[in-house]
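Dear colleague,

Please find below the structure I promised to hand over. My notes on it follow directly after.

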Amino acid sequence: MCVGLSARVVRVEDGTALIDASGAQREVSAGVLEDLEPGDFVMVHAGVAIAKITDSDENETDDLMENLS
Amino acid sequence: MSDKTVTLAHGAGGSQTNELIETVFKAHFSNPEFTADDAAVLPVEKGRLAFSTDGFIVSPWRFNGGNIGKLSICGTVNDLSCMGAKPLYMTCAFVIEEGFPMDNLEEIASAMEKTAKEVGVKIVAGDTKVAGKGQCDGVFITTTGIGQIMENAHTSGAFAKDGDAVIVSGDVGRHGCTILLARDDYGIESDVDSDCAPLWGTVESLYSVTNDIHVIRDATRGGVGTVLYEIAGQSNVGITLNASSIPVDPRVKGVCGMLGLEPLYLACEGRLVIVAPQEHADKIVETLRKGKYTQNATIIGHITSEHIGRVVMETEIGTQTILPAPKGELLPRIC
Amino acid sequence: MNENMKKARDIITSYQGKPLRIMEVCGTHTHEIFRLGLRKLLPEQVDLISGPGCPVCVTAIGFIDEACWLALEKKCIICTFGDLIRVPGTKMSLAGARAKGAEVKPVYSPLDSLAIAEENPDRQVVFLAVGFETTTPSACITVKKAKQKGLTNFSILTANKTMPNAYQALVGSADAFLYPGHVNAITGNAVCQKLCNEQGVSGVVAGFTAGELLTALATTIRLLEKGEPFFRNCYPRVVKDEGNLSAQKLMQEVMQPCDSEWRGLGVIHDSGMKLRSEFADFDARIKHDMPNIVGKPNPACRCGEVLQGKCKPSDCKVFGKGCTPLHPIGACMVSDEGACSAYYQYTEHE
């Protein structure tokens, strides 16, 4: 129900962040994330950065799978 | 820069019409066969002719990597080329909106000249109409072309055979992505540029490898995905693609990620889908990769006698899944 | 595929236990699961059913009628997520309204509709606010901005929905839920944890990549085998236990809970969000004196039962006959995330 896109923050100004997803850039609201900084990765949905994230899902699945046996 | 614009008088058939033709069109399209009469007179060649026409409306008329002029030559040149026909002659008809800047028209005609020269096709007749303000959007162009089919070329969307390789001549979806961004409806910026290119040279190079090529199609509106479904239908075969081998520019991937779009369904204007027997496939790809517009050519799948009429993707988790058939309007999927 | 993905895949394919019903609640999960062909990995006794988590699919038919009324009777410019344009209303879709002269603009973000309002000061602009907790903050930010800017030609038509009471309505329809990762990114995990602790409802929060979906499914199957109710966050790189506190605060400031009609599930108490009275100037229903508009769904359409996992799309009489992605009757056939559309496009049928 909620297509999300992980993207890198290029700059932040007045509650607005410029984000970059492999060269496609767009301004999105940073209104619900405090302390965003250039270089952070965020999950973007409908023009709003909704969560600070780690870029890759690899380590995440590593940990989860190690606990599954 | 001048501030001159096209007026209704330029389309009235009088001296101003002549002025427009002399200063813009003849200046760019001049060649011995360019006619001042009612129709161009052309020699008849032996063999078979290919004959095609296409109308072009694109908003905005200028985009990263080309303009409507270049597009209007490429479109018809590529249609002829896909039949194995060397483009010989073209005509072009303009519908221009009153008030369209003369400099822009000049830019469009200049792009047409450059593209036609590259291919070696001659523009031999044309027509100009001026529409009242608001009756058309800038400029509409219709081009028609005649080409001489090479003796040994026999291709059709109906000729794909079980076991054939499916090759795409470059990364997919660039033109559609470029236009989507140029319209600026979604506030997304990227330096992605259109793949718009004339492909006669590419087709010629294919035939230097082998005459045994079953299908050549240029993917335009609807993208590579639509062409593949057309081939599957016309040839009554199935097509299996390897999802990870489909070349997509990262910038196109980024835009598609934002808007929930499938790159295979974004328009191309300089990409061929080629279906040929497996034994020629590697050599074809190797040859294409030396070409100006086809350096990212690659094998993306094969023709099969299974799942007739459908395009099936081999996915990253080792399953097979159907590529959804093309639908109408491309709408972003967000919520 | 890396080693972990292979391991997860093996857990899924080699399952031999009792029959399991797992519901992917989220429409984006449905879409990705079909795109990856994930169902083909499942052993016979594991059934993955699609839940009601596509906002387009659960939006009541009357909402489309309201939007068409604003577009045609009030000549408003309608800004909407593209997904909604082809959804049939009682008489027509927004695409149909557009053919009758209405102005309907797809936007990427509700924030973009503010620019459209500013560019068209002599027109009224309405944004169609659908979506769950993930999407609602974007509508709230937009309304707050419109207020700051003092815009008088902008409003939103709300059909925002919240998941907790929908989960209650779905309890018992599956052995475990794959919870929608991006909803939990906003709301946090408390509701899901509570469902597990108090009602024994099992589930995992799932992400959207191939690796994340395989992991979530493998985790679910393994834990179901053990038999104890469980809750796991399988999407920790995005979802924190507390969620996004600023977004939660923002939603409370701008909107308040209300009863909401879900296509197929009926009216669920306190499962919707509407603008608070301080923002009434931006409520399209109030601003444009909207009459009470009640939609009439096509009686042949079984979207409602499909959304609850009570029947498969192919059990519906009109599926693939009168109802196809090009000529949809029900919302589940329109949205690319709808179960009917996904079944139609991704499975072999005549």
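Two strands are taken to pair if DSSP finds at least two bridges between them. In this predicted model, two bridges join strand S3 (residues 24–29) of chain A to S8(B), and the strands run antiparallel. Within this pairing, A:Gln25 stands opposite B:Glu189.

The interface of chain B and chain A buries about 1000 Å², 62% of it on carbon and sulfur atoms. Chain B contributes 14 residues to the contact and chain A contributes 13 residues. Five residue pairs are in polar contact across the interface (both at pLDDT 80 or more), while the count of salt bridges between the two chains is zero. On the side of chain B that touches chain A, strand S8 (188–189) and helix H7 (250–259) are the elements that give two or more residues. H7(B) supplies the largest share, six residues. By class, this side of chain B has seven nonpolar, four polar and three charged residues.

Over all chains, the structure holds 33 salt bridges. One of them links the side chains of B:Glu118 and B:Lys292 (3.7 Å, N to O). B:Glu118 lies in helix H3 (residues 102–119) of chain B and B:Lys292 in the loop between helix H8 (278–289) and strand S12 (298–304), so the pair ties together parts that are 174 residues apart in sequence. B:Glu118 is partly exposed at 42% relative accessibility, whereas B:Lys292 is exposed at 61%.

In chain C, the side chains of C:Lys144 and C:Glu253 also meet in a salt bridge (3.2 Å, N to O). The former lies in helix H7 (residues 136–149) and the latter in helix H12 (residues 245–254), so this pair ties together parts 109 residues apart in sequence.

With kind regards

Definitions and conventions. Residues are numbered from 1 along each chain as its sequence is written. Chains are lettered from A and ligands numbered from 1 in the order in which they are written. This is a predicted model: local features need pLDDT of at least 70, side-chain atom pairs count only at pLDDT 80 or more; totals for chains, interfaces and linings use all residues. Side-chain values use heavy atoms; hydrogens and water are left out. Contact means heavy atoms within 4.5 Å. Buried area is the accessible area (1.4 Å probe) that two parts lose on being put together, summed over both. A salt bridge is a side-chain nitrogen of Lys or Arg within 4 Å of a carboxyl oxygen of Asp or Glu. A polar contact is a pair of N or O atoms within 3.5 Å; within protein, one must be able to donate a hydrogen and the other to accept it, and residues adjacent in sequence count only if both atoms are side-chain atoms. Helices (H or I, at least four residues) and strands (E, at least two) are DSSP runs, numbered from the N terminus. Ala, Val, Leu, Ile, Met, Phe, Trp, Tyr, Cys and Pro count as nonpolar, Asp, Glu, Lys and Arg as charged, and the others, Gly among them, as polar. Buried means under 20% relative accessible area, exposed over 50%, partly exposed in between (1.4 Å probe, protein chains only).
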